[in-house]
Amino acid sequence: MKKHFLLLGFLIASFTAGFTTSLSAQTPSKEAVLKVEGEVLKTLSISISDFAKMPHVEANMKDRDGKIQQYSGVPVIEILKQAGVTLGKDLKGENLTKYMLVRASDGYEVLFSLAELDPVFTNRVIILADKKDGKPLENGIGPFRLVVPDENRPARSVHEVSHFIIRFAKE
Ligand SMILES: Nc1nc2c(c(=O)[nH]1)N[C@H]1C(S)=C(S)[C@@H](COP(=O)(O)O)O[C@H]1N2
Ligand SMILES: [Mo]
């Protein structure tokens, strides 16, 4: 009789363990999104699959070893246009004191003035990349990374971008 209880206890324990393991394995991880917020007409929340459907271009940057790397992604300016950021003919006067703070999921942050991103001011095209060599970016780099061409240090080419936040520097 005692043996049967032991067996029953073992069965219950293994069932519970198996069940909790499969539960945690199935818990859907929150899908990564890019959020665009702050001084915008429309706050955006762009999923990986929505992002993949946007028109892509290629951009090159030098990595920290000085090697040229090519990525594919969406020009940052196109994302900001969708959010209704003051650009083009509206990027004048006090709007020239606006900036974009780029935040990553590890807490890393860098900033760009809007004029650094607008083709009215510059020919340099900064992209938010989601692909390299036709493949999604690896964990810790993607799903989205900034690719800033023509910079002597790749420190503003932020990995794991989670937010573009538009703010006024003017007091
Ligand atoms: N999220 C995040 N992005 C980051 C960093 C970081 O610490 N966190 N480091 C930056 C620095 S200092 C460098 S030199 C480059 C390195 O990019 P690479 O691996 O493509 O050469 O990533 C930049 N992007
Ligand atoms: Mo760096």
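Two strands are said to pair if DSSP finds at least two bridges between them. I begin with that term since strand pairing will return in this talk. The structure above is a predicted model, and I shall describe it from the whole chain down to single residues.

Let us start with the overall composition. The protein chain contains 3 helices and 10 strands. Read from the N terminus, their order is α-β-β-α-β-β-α-β-β-β-β-β-β. The chain has 171 residues, and 36% of them count as buried. If we take the contacts with a separation of 6 or more, 58% of them are made by residues 24 or more positions apart.

I turn now to strand β10, residues 161-168. How many of its residues are buried? The count is 6 of the 8, so β10 is largely enclosed by the rest of the structure. Two strands that are joined to β10 deserve attention. One is β1, residues 33-38; 4 bridges join β1 to β10, and the two run parallel. Here Glu37 stands opposite Ile165 in β10. The other is β5, residues 98-104, which is joined to β10 by 7 bridges and runs antiparallel to it. In this case Val102 stands opposite Phe164 of β10.

Next, the pockets. Rolling a probe the size of a water molecule over the atoms shows where empty space is left. In this model, the largest pocket holds about 550 Å³ of space. Which residues lie nearest its centre? They are Arg64, Tyr71, Ile141, Arg145 and His159, out of 23 lining residues. The elements that give two or more residues to this lining are β4 (68-75) and β8 (135-136). Sorted by class, the lining of the largest pocket has 10 nonpolar, 4 polar and 9 charged residues.

The second largest pocket has a volume of about 200 Å³. Its lining comprises 13 residues, and Glu31, Ala32, Val33, Ser105 and Ser162 lie nearest its centre. Here we meet two strands again: β1 and β10 are the elements that give two or more residues to this lining. The largest share, 3 residues, comes from β10. By class, the lining of the second largest pocket has 5 nonpolar, 4 polar and 4 charged residues.

I close with two individual residues. Ser47 is located in strand β2, residues 44-47. Is Ser47 buried or exposed? Its relative accessible area is 11%; residues under 20% count as buried, and Ser47 is therefore buried. Leaving aside residues up to four places away in sequence, Ser47 touches Glu31, Ala32, Val33 and Phe144.

With a relative accessible area of 0%, Phe112 is buried. Which residues does Phe112 touch, not counting those up to four places away in sequence? They are Tyr99, Met100, Val102, Leu117, Ile126, Leu146, Val148 and Arg156. Val102 is the residue that stands opposite Phe164 in β10. Finally, Phe112 and Leu101 are 11 residues apart along the chain, and their C-alpha atoms are separated by 6.7 Å.

Definitions and conventions. Residues numbered from 1 in each chain as written. Chains lettered and ligands numbered in written order. Predicted model: local features only at pLDDT ≥ 70, side-chain atom pairs only at ≥ 80, totals over all residues. Heavy atoms only, no water. Buried < 20%, exposed > 50% of the residue type's maximum accessible area, 1.4 Å probe, protein only. Contact = heavy atoms within 4.5 Å. 1 Å grid on protein atoms, 1.4 Å probe; cavity = no way out; pocket = protein on both sides within 12 Å on 5 of 7 lines; lining within 4 Å. Points joined across faces, edges and corners; volume = space filled by probe spheres on them. Nonpolar A, V, L, I, M, F, W, Y, C, P; charged D, E, K, R; others polar.
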